[in-house]
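Q: Hey, could you walk me through this one? I'm new to it.

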Amino acid sequence: MHYIVEGDLKCTVGATVLHLRAGDLINFSSLCPHSFENVSAAPATFISLLLSDAQIKELNDHDVKSSIVG
């Protein structure tokens, strides 16, 4: 899971390309090829939260909705 704090990023997950801005949140499997690219002259900052399969299952068991790309 990645939360964009500031800046503009191009995020590629598999064949999907997304433009992310401050306030955006993206979630995808780390097994899927992915990359981030700063597409502005200003600095970009994001926070990453890495969860194990067991932690994801626990979240899903509690009916937490997520959006997965890839």
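A: A salt bridge here is a side-chain nitrogen of Lys or Arg within 4 Å of a carboxyl oxygen of Asp or Glu. This is a predicted model, where local features need pLDDT of at least 70, side-chain atom pairs count only at pLDDT 80 or more, and totals for chains, interfaces and linings use all residues. Residues are numbered from 1 along each chain as its sequence is written, and side-chain values use heavy atoms, leaving out hydrogens and water.

Q: OK, which residues make the nonpolar surface patch?

A: Tyr-3, Val-5, Leu-25 and Ile-47, covering about 380 Å² (Shrake-Rupley areas, 1.4 Å probe, with only the protein chains shown counting as cover for residues).

Q: Where is Tyr-3 found?

A: In strand S1, residues 2-6; strands are DSSP runs (E, at least two residues), numbered from the N terminus. Tyr-3 has 38% relative accessibility, so it counts as partly exposed (buried is under 20%, exposed over 50%, partly exposed in between).

Q: Is Cys-11 buried or exposed?

A: Buried, at a relative accessible area of 0%. Cys-32 is buried too, at 16%.

Notes:
Buried < 20%, exposed > 50% of the residue type's maximum accessible area, 1.4 Å probe, protein only. Patch = residues over 30% accessible without salt bridge, like charges linked within 9 Å, V, L, I, M, F, W, Y side chains within 5 Å. Helix = DSSP H or I, 4+ residues; strand = E, 2+ residues; numbered from the N terminus.
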